[in-house]
Amino acid sequence: LPPVKFELFPGEVKESSEFLRIPSGGEMSEEKPELTLYNTMTQLKEVFKPINPGKIGMYVCGITAYDYSHIGHARAAVSFDLLYRYLRHLGYEVNYVRNFTDVDDKVIEKAKKCGEKPLVLSNRFCEDYLLDMTALQCLLPTRQPRVSDHMEHIIKMIEKIIENGCGYAVGGDVFFSVDKSPNYGQLSGQRLDHTQAGKRVAVDSRKCNPADFALWKAAKPGEPSWESPWGPGRPGWHIECSAMSAHYLSQRFDIHGGGADLKFPHHENEIAQTCAACEDSGVNYWLHNGHVTNNNVKMGKSLDNFFTIREITAKYHPLALRHFLMSAQYRSPLNYSVSQLEGSSDALYSLSPYREEMSGDVGKTQQSAEAKEMIKKVKNALKFINVSISKLKKIQKKQRMSLVVSLVEVEKAVREVFDVLGLLTTLSYGEFLKEMKQKALTRAGMGEEEVLRRIEERRLARKNKDFRRSDKIRELLAVKGISLEDIPGKDTVWRPCTPLSSNSKPKSGLGMIALAFAIGFIFLGFFFYSR
């Protein structure tokens with residue numbers, strides 16, 4: 001393959017020949033590769049150095065559990081799952097903490113509309129979120145704390161902030177004084193005189209500064225509350241993450257992540273209140289993933305322009321959604337596109353048929369010397385795959401099978417990469433193909449019986465030399481995302497494909513196998529690069 005240009009960081013384009021440098025056997029080292037991450041705080045790419053060698057503390061802001069999660073939430077989860085997987089792959093012991101906000105204004109409001117108790121409602125959506133994460137093959141974090149379980153830690157941190165002169169109580173509420181935070185705005189670049197007070201709540205005239213934010217909210221009738229030194233109430237939005245990250249990771253830890261929309265005010269306020277509680281606190285690397293957009297507008301529940309994870313996975317395999325969410329550099333906006341989802345689905349499906357097709361004859365064929373060399377030195381793997389694909393149609397069956405075996409051995413060498421990407425499935429190939437085909441039928445609005453009936457109609461048309469009718473049937477199915485493939489000496493089979501426009505002609509998907517191997521290497525540039 002010629003060098004593939006892709007973006008490691010917005011504004012910086014690297015060639016695949018630089019990123020895909022695969023060391024030969026003599027170059028292998030026991031040392032961990034050098035890992036480079038973009039730090040939002042410094043706006044620089046920095047070599048990652050953990051506070052404690054071999055161990056990493058990572059906190060990622062999770063969902064506010066008041067509704068089904070949308071694909072913007074899925075992007076954050078997949079982005080940091082990929083980082084989590086890669087850090088573990090490098091041999092680090094990772095303490096990954098991702099919280100649930102189960103006590104919040106939005107939870108309370110939704111519970112009132114549904115006639116449920118707030119904690120019952122939020123618990124239901126927490127459990128639904130975990131099912132979505134399982135479908136997307138996101139590994140479980142080490143810890144998944146909930147706000148309602150950590151009132152003691154939250155109250156103690158607020159007390160410390162007040163003791164240090166950075167917070168004040170007014171009528172059962174407690175506010176943080178941003179004037180006492182000299183570096184306020186350092187993460188987001190927001191100047192204190194330009195900050196927007198009341199990002200989630202209306203401006204309160206009792207505040208010393210309109211930008212001051214709530215640490216504790218006095219109880220209101222019918223709302224969940226907990227006892228505190230300032231009377232019954234519940235936490236403000238920001239304090240929960242400061243308290244829980246400090247509890248599970250200590251006051252200073254390695255990585256804090258979340259969506260780009262959390263930089264201000266949430267993460268900015270986190271920094272201010274955590275530093276107010278403990279002068280030596282801090283996060284070494286701040287990471288933020290970009291938004292998912294719909295028609296180039298940020299997708300969100302407040303705008304009612306979102307698609308839930310479940311709405312997408314009802315029609316597409318969850319791994320196709322995961323693939324789509326990794327299709328753009330993680331800090332860049334990702335515009336929702338049905339065509340891209342179709343492309344991701346097609347890419348995942350493409351590799352499997354070749355494994356099944358060769359399974360009956362593989363035992364009769366010896367590994368080629370070329371394959372053994374590839375196993376020893378994965379160097380030039382992508383070029384080997386690309387050249388081999390072009391040979392498949394031209395060589396005899398025995399030679400073809402030997403070449404396919406070679407490709408399978410190369411696949412084994414990159415399976416580890418796919419595992420880091422979370423794109424491997426525990427299903428058998430047959431089970432995986434069945435799931436993918438069922439999703440394609442759902443999108444097409446057809447049953448398999450109808451597809452098979454169309455295939456039989458086409459067979460009869462071809463038998464009667466009515467090739468115009470035959471081509472029309474094939475094209476009609478292709479428009480619905482159903483591709484027909486005529487296997488010499490065998491029956492016609494169908495497979496999912498990217499739906500074609502009505503004036504296009506069906507194409508062969510043979511070359512997609514090269515893409516299936518290549519995406520593993522290219523996507524590693526999605527988050528970081530190592531050398």
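In these legends, contact means heavy atoms within 4.5 Å. The model shown is predicted.

**View 1. Overview of the protein chain.** The secondary structure of the chain comprises 18 helices and 18 strands. Of its 531 residues, 52% count as buried. Among contacts between residues at least 6 apart in sequence, 74% join residues at least 24 apart.

View 2. L121 belongs to helix α4, which spans residues 118-135. The residue has a relative accessible area of 0%; buried means under 20%, so L121 is buried. When neighbours within four places in sequence are left aside, the contacts of L121 are A65, Y66, V107, K110, A111, C114 and E116. One of these residues, V107, is 14 residues from L121 in sequence. The C-alpha atoms of L121 and V107 are 7.6 Å apart in space.

**View 3. The open four-stranded sheet.** Four strands form an open sheet in the order β6-β5-β11-β12, and their pairing is parallel. At the edges are β6 (93-98) and β12 (282-289), each of which pairs on one side only. From one strand to the next, the twist averages 20°. Helix α2 (residues 71-89) packs on this sheet and touches β5, β6, β11 (252-259) and β12. The direction of α2 makes about 125° with that of β12. A further helix, α6 (residues 239-249), lies across β5, β6 and β11. Helix α6 runs at about 160° to β5.

**View 4. Strand β5 and its partners.** Strands of a sheet pair through backbone hydrogen bonds, either parallel or antiparallel. Strand β5 (residues 55-60) pairs with β6 in the parallel sense, over six bridges. Within this pairing, I56 stands opposite V94 of β6, and the bridge partner of M58 is Y96, also in β6. Five of the six residues of β5 are buried, so the strand is largely enclosed by the rest of the structure. The chain passes from β5 through α2 to β6, a β-α-β crossover that is right-handed. Strand β5 is also joined to β11, by three bridges, and these two strands run parallel. Here V60 stands opposite G257 of β11.

View 5. The largest nonpolar core contains 64 residues, and I255 and L321 have the most contacts inside it. Helix α2 gives the most to this core, with ten residues. With neighbours within four places in sequence left aside, L321 is in contact with I71, L136, I309, I312, T313 and L341.

**View 6. Burial of helix α9.** Helix α9 covers residues 318-325 and is mostly covered, with eight of its eight residues buried. The buried residues of α9 are P318, L319, A320, L321, R322, H323, F324 and L325. One of them, L321, is also among the residues with the most contacts inside the largest nonpolar core.

**View 7. Packing of helices α5 and α6.** Helix α5 (residues 151-163) packs against α6 at an angle of about 105°, and the two axes lie 9 Å apart. Angles of 65 to 115 degrees count as roughly perpendicular, and α5 and α6 are therefore roughly perpendicular to each other. From α5, the residues H153, I154, M157, I158 and I161 take part in the meeting of the two helices. Their counterparts in α6 are I239, E240, S242, A243, A246 and H247.

**View 8. The open three-stranded sheet.** Three strands form an open sheet in the order β14-β13-β15, with mixed pairing. Strands β14 (297-298) and β15 (334-335) stand at the edges with a single partner strand each, so one side of each is left without a neighbour in the sheet. Strand β13 (residues 292-294) is joined to β14 by two bridges, and these strands run antiparallel. The bridge partner of N294 is V297 in β14.

Conventions. Residues are numbered from 1 along each chain as its sequence is written. This is a predicted model: local features need pLDDT of at least 70, side-chain atom pairs count only at pLDDT 80 or more; totals for chains, interfaces and linings use all residues. Side-chain values use heavy atoms; hydrogens and water are left out. Two strands pair if DSSP finds at least two bridges between them. Axes are lines fitted to C-alpha atoms, for helices over the stretch in contact, and angles run from 0 to 180 degrees between N-to-C directions. A nonpolar core is a set of buried Ala, Val, Leu, Ile, Met, Phe, Trp, Tyr and Cys residues joined through side-chain atoms within 4.5 Å. Buried means under 20% relative accessible area, exposed over 50%, partly exposed in between (1.4 Å probe, protein chains only). A crossover is right-handed if, with the strands pointing away from the viewer, the path from the first strand over the helix to the second runs clockwise. Angles under 35 degrees count as roughly parallel, over 145 as roughly antiparallel, 65 to 115 as roughly perpendicular and the rest as oblique.
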